[in-house]
Structure formats: structure tokens, C-alpha cells
Amino acid sequence: MALLHEGPRAGATSNAPRWNVKGNVLLQSFPLLEAMSVVLLSIVSGMVYDLVSFGHFGEYGRNFGLGVVVAALFSTSAYARGPYLSSEPRSLTSQIKEVVLIWTAVFLCLSVVALALKVGDMFSRQAVMLFFVTGLGGIIFVRLGAGRLFASLTRSDMLAKPQVVIVTQSDVRVPSGVVQAIEASGCEVCQTITLPAASSEGSLLECMDKLIEHVRRRSVDEIVLAVSWADISLIEKITAHLCVVPVPVRLLPDHVVSALLKRPVVNLGGTRAIELQRAPLTAPQLLTKRLFDLVLTTAALPFLLPPLVVVAALIALESRGPVLFCQRRAGFNGRTFKIYKFRTMTILEDGPVVRQACRGDPRVTRVGRILRRFSIDEIPQLWNVLKGDMSLIGPRPHALAHDSEYSQIISLYPARHKVKPGITGWAQINGCRGATPHVYMMIKRVEHDMWYVNNWSVWLDVTILLLTIPRIWTGRNAF
């Protein structure tokens with residue numbers, strides 16, 4: 001026999017009167033109010049401009065049409081980004097940023113269309129700018145006011161909340177936080193039905209009949225199934241029984257599928273697939289990063305060549321040996337390349353054992369100590385950037401001997417090679433620079449590198465580049 005019990009009732013502890021309006025209906029009315037305010041502000045802006053400029057009200061038909069178009073574009077774009085109202089209000093800053101971004105994008109698109117169709121003369125620039133400013137302010141006012149009103153009504157329990165029934169199995173663990181998530185969305189779990197572990201046709205039919213009767217009697221708005229995805233037969237039977245009621249039936253992921261559904265779903269030919277791992281950078285992002293490297297490198301080289309010649313001369317005068325030091329490093333996708341640096345030591349190591357430089361290392365020359373202190377020895381790696389072996393920004397490449405050592409100790413270490421290595425990186429500006437005599441120091445560096453890999457953007461590269469200069473000047477851990 002199925003086990004039926006009442007779910008938590010939000011209004012059970014409150015004596016506040018409820019309006020006969022459900023929260024989801026109110027949610028759907030707010031975007032309409034927003035669109036109406038946009039149209040009204042378009043008309044008012046045009047009328048105010050005509051009154052100030054010409055002393056009388058002009059034809060408002062064009063302004064009405066403009067308001068309708070802007071409201072439609074704005075509402076569509078805003079809806080695509082998800083609902084802006086919930087029982088928990090979003091931060092003021094995030095709401096304003098989103099409104100400004102979408103509103104500006106709508107006007108830019110309309111400007112391009114107006115220029116292409118040569119219809120810009122139909123509207124006064126001053127009137128349009130007035131509409132842009134007043135409309136932006138009006139939307140922000142409506143959004144903030146509506147959000148706080150909805151949150152206040154939800155907390156005071158004055159709204160009739162949408163009723164939700166959860167159907168689960170005794171041997172299936174309902175994902176934690178399901179009830180809390182449903183209630184946070186403004187709904188109320190009015191009943192939970194627990195099916196026996198092994199349901200016969202008779203017991204399942206009896207249970208479904210009681211559920212259907214409850215849905216019709218209590219005006220239930222939604223049914224949520226929390227059953228095992230492996231039991232396809234049970235899911236199909238429940239769906240077949242519930243086809244007689246006009247309410248949505250939704251299937252929650254079980255604990256096995258839940259982790260997979262957090263991954264992106266992509267189109268793969270005529271089917272869809274769950275993306276278990278994505279490339280850290282898409283093709284357009286790779287192109288953007290490459291252009292960023294090429295433009296900055298080619299712009300900087302003419303200014304750097306004269307001092308680099310001086311540095312090369314100082315190295316040659318102080319000690320015998322090549323001016324440049326070449327060493328094999330692991331780059332993008334683990335491919336080996338030769339990195340170029342100014343020689344700062346009396347030895348040239350590139351074998352199975354490479355000893356890191358330490359404070360007061362006798363192998364470092366006097367000129368080399370200055371070069372290492374301010375990372376001047378790394379400048380020849382701009383040639384690696386031009387060749388495409390490296391990027392200006394990325395995880396610092398290490399000697400192959402160190403790669404082999406740390407790959408055995410730190411599981412995420414090889415994942416640093418998902419992007420091209422860089423002359424400087426997120427780890428370096430956060431103090432993870434120089435020798436790593438202790439494993440925890442390399443672990444910290446890897447954590448910073450992985451954060452960069454997972455959060456790359458052009459602005460992040462610009463930020464790292466700008467912060468590199470003051471970090472170099474402090475010179476911590478550089479010897």
C-alpha cells in the first residue's frame with residue numbers, strides 16, 4: 001500500500017490572510033508590467049520632447065511603435081537569461097548590470113538596423129536619447145520594486161503558492177534539498193507519496209487513483225517524480241496513469257544521474273550528448289588569445305631589442321658560454337618544445353635531473369642574479385610566443401625532469417598542459433614564483449594554474465599582464 005502524508009505547509013504557522021492569486025501567476029504578470037512601462041515611457045519621452053522643442057504635443061504613433069519594438073526585444077532578451085524574480089531577491093548590483101547590458105544592446109541593434117534601412121530620420125536623436133535614459137531608469141525602478149514586493153509577499157505568506165506533489169520510492173534516496181529548492185521557487189509541497197519498493201499492478205493503480213483524486217480535489221499545479229531512472233517501466237506506467245490530469249509531470253534526476261546533468265548538454269549530429277569534459281578554450285577563444293599574443297609581442301619587440309642587445313653583451317663579457325640558454329619544456333597537450341632564456345648560470349642543465357636554483361646559489365652569475373631578480377632572463381621567450389610554442393599568459397612551463405617528478409605526486413599537475421604555457425601567469429602574480437622546495441608549494445601553484453585554465457578571459461589576461469610588473473618589482477622568491 002502506498003504511503004501518503006502531507007508535506008510541509010508554509011501557511012500552517014501564519015495567520016496572515018492569503019490572496020487568491022498564486023505566485024506563478026504574479027511572476028508572469030511582472031514582465032508584462034515591465035513591457036507596458038517601456039511603451040508608456042517611450043510615448044511620454046516623445047511628448048515631453050515635442051512640448052519642450054515645439055511648444056505642443058506631436059504625433060505619438062511613432063513613439064508608440066518604437067516603444068513596442070524596444071519592449072519586445074528587451075523582454076525577449078531578458079527572458080532568455082532567466083526569470084529575475086524569486087522568493088530570494090538577487091543582489092542590487094547584478095540586477096542593474098543585467099538591465100544596463102540588455103537595454104544598451106537593444107538600442108545598439110536598433111541603431112544598426114535604422115542606419116541599414118535609412119529610417120533614422122524618422123526619430124529625433126534627442127527624443128531617442130531621452131527615451132534611452134528614462135526607459136533605463138524606469139525598468140530598474142520596476143524591477144527592483146517588483147522584486148522586493150514579490151519577496152515580501154512570499155515571506156509574509158499572502159500569496160496562494162502553487163501546490164506540488166512529490167512521488168517517490170521507499171528505496172530511492174531523494175536528492176538533498178529538493179523540498180527546500182521547491183519552496184525557494186515560491187511553491188509548496190502539499191503531499192508526498194511514497195511507493196513500495198516492489199509495486200504490483202494493483203497497488204500502483206490504487207496509488208495513482210488516490211493521487212489523481214488528490215490532484216483534482218486540491219487543484220495541484222505540478223507533480224514531481226523522484227524515482228530511480230533505472231526503473232523505466234515504472235516511469236512509463238506512472239506517466240500513462242497521470243495523462244488524464246492537466247498538470248505538468250516532471251522527473252527529478254536520481255543520485256546517479258544528478259551529477260551527469262550538471263554537465264553541459266550539447267548537440268552531436270542528430271542526437272544530444274552530455275559533455276563530461278570540455279576544451280578549456282573554444283576555437284574563437286583560441287584565435288582571440290593568439291591575436292592578443294601576436295599584437296602585443298610584435299608591438300613590444302622594437303622597443304625591447306636595444307636593451308636586449310646590451311644584456312646579451314653583459315652576459316658574454318662576464319662569463320664564457322652561449323648568451324642564450326635552451327631547455328626542453330612540456331607545452332600545450334604535453335608536447336615538448338625548446339624554451340629560450342638568457343643564460344644566468346655557469347652550467348647548462350637539461351637532463352633527467354635538474355636542480356632548482358636556491359637563495360645564494362653559487363651557479364648563478366653576478367649579471368644572472370640581476371636578470372633573475374627582475375625576470376629579464378625570461379624576455380627571449382617572446383620568440384617562443386611568436387613561434388606559437390607559448391603564450392604571454394599561462395601556466396609557467398617547468399623542466400621535463402620536474403614535470404616527470406610532480407606528475408607522480410600531484411594528480412592535477414598534467415592538466416596544466418590544457419593551455420599553452422606562458423611567460424607569466426595567475427600563479428606568479430599571486431606569489432607562486434621561483435623554487436618549490438616543498439610539495440605544498442607546487443600544489444598551490446597548480447591550484448592557481450587550474451583556476452586560470454577554468455576561468456580564462458581576455459580581461460583576465462590583461463589583468464595578469466598589468467599586475468606582473470609590480471609583482472616583478474617586489475622580486476619575492478626570485479633568485
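Visitor: Which side chain meets D461 in a salt bridge?

Guide: This is a predicted model, by the way. D461 lies in helix α15 (residues 458–474), and its partner sits in helix α9 (residues 283–318). The N to O distance for the pair is 2.7 Å, and the partner is K289.

Visitor: How far apart in sequence are the parts that D461 and K289 tie together?

Guide: Both D461 and K289 are buried. One is in helix α15 and the other in helix α9, so the pair ties together parts that are apart in sequence by 172 residues.

Visitor: Is R366 buried or exposed?

Guide: R366 forms a salt bridge with E318, with the closest N and O atoms 3.5 Å apart. E318 lies in helix α9 and R366 in helix α10 (residues 366–373), so this pair ties together parts that are 48 residues apart in sequence. E318 is partly exposed, at a relative accessible area of 26%. For R366 the relative accessible area is 69%, and exposed means over 50%, so R366 counts as exposed.

Visitor: What separates E213 and R217 in helix α6?

Guide: Their side chains meet in a salt bridge at 3.8 Å, N to O. R217 is exposed, with a relative accessible area of 53%. E213 and R217 are four residues apart in helix α6 (residues 201–218), so what separates them is about one helical turn.

Visitor: Which residues are linked in a network of salt bridges?

Guide: Side chains of opposite charge can pair when their charged atoms come close. Searching the whole structure turns up 10 salt bridges. The residues linked in a network are K341, D377, E378 and R396.

Terms used: Residues are numbered from 1 along each chain as its sequence is written. This is a predicted model: local features need pLDDT of at least 70, side-chain atom pairs count only at pLDDT 80 or more; totals for chains, interfaces and linings use all residues. Side-chain values use heavy atoms; hydrogens and water are left out. A salt bridge is a side-chain nitrogen of Lys or Arg within 4 Å of a carboxyl oxygen of Asp or Glu. Helices (H or I, at least four residues) and strands (E, at least two) are DSSP runs, numbered from the N terminus. Buried means under 20% relative accessible area, exposed over 50%, partly exposed in between (1.4 Å probe, protein chains only).
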